[in-house]
Protein chains: 2
Amino acid sequence: MSGIEDVASLAGVSKATVSRALSGRGYVSAETRMRVSAAAASLGYVVSSSASSLVTGRTSNVGVIIPVINQWFFGSIIEGVERALLERGYDLMLYNLTKSHEERTRVFEYFLVRKRVDAVIAVTLEITPEETKTLLALGKPIAGIGGPLEGIPTLSIDDVAAARLATEHLLLLGHRDIMHVGGDIDEQMDFHVHSKRLKGYMEALTGAGIPYDRDSYVATRFDIPGGYRVGKQILGDPRRRPTAIFAAADEVAIGVILAARELGISVPEELSVIGIDDHPLAELFGLTTIEQRPDLQGEQAVDWVIRQLEQPGWTPPARHTVLPARLVMRSSTASPRPRA
Amino acid sequence: MSGIEDVASLAGVSKATVSRALSGRGYVSAETRMRVSAAAASLGYVVSSSASSLVTGRTSNVGVIIPVINQWFFGSIIEGVERALLERGYDLMLYNLTKSHEERTRVFEYFLVRKRVDAVIAVTLEITPEETKTLLALGKPIAGIGGPLEGIPTLSIDDVAAARLATEHLLLLGHRDIMHVGGDIDEQMDFHVHSKRLKGYMEALTGAGIPYDRDSYVATRFDIPGGYRVGKQILGDPRRRPTAIFAAADEVAIGVILAARELGISVPEELSVIGIDDHPLAELFGLTTIEQRPDLQGEQAVDWVIRQLEQPGWTPPARHTVLPARLVMRSSTASPRPRA
DNA sequence: TCCTCGTCTGCAAACGCTTCCAGAATCCTA
DNA sequence: TAGGATTCTGGAAGCGTTTGCAGACGAGGA
């Protein structure tokens with residue numbers, strides 16, 4: 001494995017010049033630069049990132065902390081982040097932080113601090129003020145997807161508003177009997193996504209003068225089988241069946257649609273269903289939904305941290321950034337049929 | 001940010017002793033070790049990984065090259081790899097290598113070589129002999145998921161055998177008119193997964209004395225909408241409709257089932273469907289399938305590379321390792337109905 | 001012509017660790 | 001009691017870069 005010294009002697013210059021030629025910092029004559037590049041290429045030389053970061057103090061790594069990988073929302077974020085980082089010459093260190101408190105501490109106090117990353121992107125991670133202080137003390141840029149988070153730039157859609165928008169769409173169609181299938185409030189994800197979406201739903205109902213009935217909210221797992229299970233329950237009981245269901249995520253909504261189909265309940269004639277996300281499967285099921293773009297959220301977070309790294313003085317938005325979430329109308333929602 | 005020197009003077013020892021105490025290498029008295037640890041903790045000291053790897057030559061990073069993230073198979077692999085690495089104190093550097101040749105070269109020639117990782121795990125990546133040579137020349141352990149790959153330990157299920165098993169299951173039930181919905185041979189993934197599964201299908205047919213008809217293989221995208229689209233085509237034409245369909249992946253199979261449902265064709269009474277993967281949704285759809293466990297594949301690959309790193313002399317299996325893939329029977333397959 | 005300024009290059013000092021080496025202290029065994 | 005083995009510690013070299021500083025050179029302005 002050849003070092004900078006070898007390149008230097010092959011090119012007939014000093015180590016310093018090699019370093020300058022290859023990194024593009026400082027003065028180097030065009031002719032010298034060519035010679036150095038040629039020498040480096042012919043030796044297959046690549047700088048040692050450890051040596052380099054030892055002296056510069058930068059690693060060219062960005063740490064991403066994420067609770068789940070194998071789910072559309074999170075996978076899309078990773079894709080977006082990866083793409084943006086690669087483009088800018090940074091590498092991605094992935095930390096899959098599951099619920100376990102022990103793991104969390106380990107990552108926070110050990111891995112991240114360990115001078116391994118230049119910046120951190122925390123996905124759906126409710127960082128405590130103390131942890132925030134630790135992180136900020138490191139002087140490393142941080143950005144969060146989710147939020148808001150005190151002291152850290154964050155971005156996300158407005159969950160309350162999105163849920164309200166979805167519910168209002170149903171109300172506008174004339175539905176009055178609308179159920180909400182959401183996440184389990186007790187098994188909360190960080191940032192209370194579940195309660196926020198529930199809140200938006202309630203607000204919309206209230207706005208329309210419809211009293212909120214405790215029974216009209218049902219919790220389940222945030223995936224297709226979860227939606228299916230609950231769908232079977234709700235729709236299986238004719239007395240309980242609403243004219244519309246607002247599911248807190250497209251996967252849940254799709255589960256509900258599958259349940260409806262199985263019960264012979266036609267969507268949207270007998271039941272309207274709306275979700276949130278605009279999941280890739282939404283189109284196949286004709287699912288009306290509220291679109292969000294997690295991949296762009298990832299890119300945006302990358303942009304924030306890298307800008308901070310590379311443009312001294314630049315600072316990201318101090319407050320939480322709210323992303324647009326728009327209604328995508330498809331064929332799973334319609335006006336309720338007049339009651340028989 | 002405190003360095004080893006600070007810890008040393010606080011504990012009243014030399015840097016050398018601090019290093020030994022904290023890393024657990026070499027002799028240190030119990031009493032000294034305690035004092036050093038206490039000092040380190042009180043200063044919030046963490047070793048600089050760049051400095052450390054500069055002298056030791058190890059980074060404690062493992063690079064993972066993967067073509068897709070947001071798909072069950074690949075996401076599961078990442079989860080498995082991440083879990084196994086974290087457990088052993090390594091960090092995961094993620095490289096999402098999409099089709100683009102340029103990106104590929106960049107990652108290979110630049111990122112990986114850049115003394116940033118101790119080992120590489122290549123997922124479904126057909127590494128050329130030249131690239132293999134480059135990688136091996138780096139002296140870094142490599143493992144591949146997929147394969148076989150000359151000179152690199154790899155693991156995967158036997159795609160031909162799995163496809164044969166699936167098809168034979170249908171044959172055993174009495175089906176003779178079996179179509180195969182697979183990936184596009186021209187838009188091949190690496191390692192020719194598509195053609196291998198097609199081959200297993202053909203072998204099974206031949207074994208049963210059934211001539212292979214070109215029209216009985218249809219290519220589509222490897223996802224639910226892809227399966228759905230093709231399903232609609234095939235099943236929509238009564239003259240073309242087979243009694244059974246072997247889909248090369250569960251997602252495709254589920255798409256086919258959805259198409260069948262929509263056309264009022266009941267599964268398994270009028271149509272048997274089998275897939276490969278045992279995708280989380282398989283159970284919901286009662287899908288009979290061939291199970292594989294990508295997460296375990298990831299863990300296994302990690303085990304190989306880390307063992308090589310930590311147990312000098314240990315070598316992974318020289319040849320391709322074939323993983324078991326077993327039939328999981330559910331309710332999407334049955335004997336064909338006697339023809340009217 | 002002289003001086004200044006911008007361009008180019010090399011020397012050498014860090015960067016923060018790990019580890020080789022040697023010396024001191026303690027322990028065991030003959 | 002002597003001698004060797006074992007345990008513990010510190011000094012210092014070195015890992016492979018980047019970068020501040022200073023010197024050399026040529027060009028342009030006064």
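Predicted model: local features only at pLDDT ≥ 70, side-chain atom pairs only at ≥ 80, totals over all residues.
Local features need pLDDT of at least 70 and side-chain atom pairs pLDDT 80 or more, while totals for chains, interfaces and linings use all residues. Residues are numbered from 1 along each chain as its sequence is written, chains are lettered from A, and side-chain values use heavy atoms, without hydrogens and water.

Contact means heavy atoms within 4.5 Å.

S50(B) lies in helix 4 of chain B. Helices are DSSP runs of H or I with at least four residues, and strands are runs of E with at least two, numbered from the N terminus. S50(B) is buried, at 8% relative accessible area. Buried means under 20%, exposed over 50%, and partly exposed in between, with a 1.4 Å probe and protein chains only. Beyond its neighbours within four places in sequence, S50(B) contacts S50(A), S53(A), L54(A) and K115(A).

L54 and V55 of both chains form a nonpolar patch on the surface, with about 400 Å² of accessible area together. Such a patch joins nonpolar side chains (Val, Leu, Ile, Met, Phe, Trp, Tyr) within 5 Å, from residues with over 30% relative accessible area and no salt bridge. Areas come from the Shrake-Rupley method with a 1.4 Å probe. V55(A) counts as exposed, at 68%.

The largest nonpolar core has 56 residues. A core is a set of buried Ala, Val, Leu, Ile, Met, Phe, Trp, Tyr and Cys residues joined through side-chain atoms within 4.5 Å. L235, L258 and L271 of both chains touch the most other members. A second, separate core of 54 residues includes V64(A), I66(A), A119(A) and I69(B).

Over all chains, 30 salt bridges are counted. Each needs a side-chain nitrogen of Lys or Arg within 4 Å of a carboxyl oxygen of Asp or Glu. R35(B) and E31(B) pair at 3.0 Å, N to O. Both lie in helix 3 of chain B, four residues apart, about one turn of the helix. E299(B) and R83(B) pair at 2.5 Å. This pair links helix 12 to helix 5 of chain B, 216 residues apart.

Methods. Patch = residues over 30% accessible without salt bridge, like charges linked within 9 Å, V, L, I, M, F, W, Y side chains within 5 Å.
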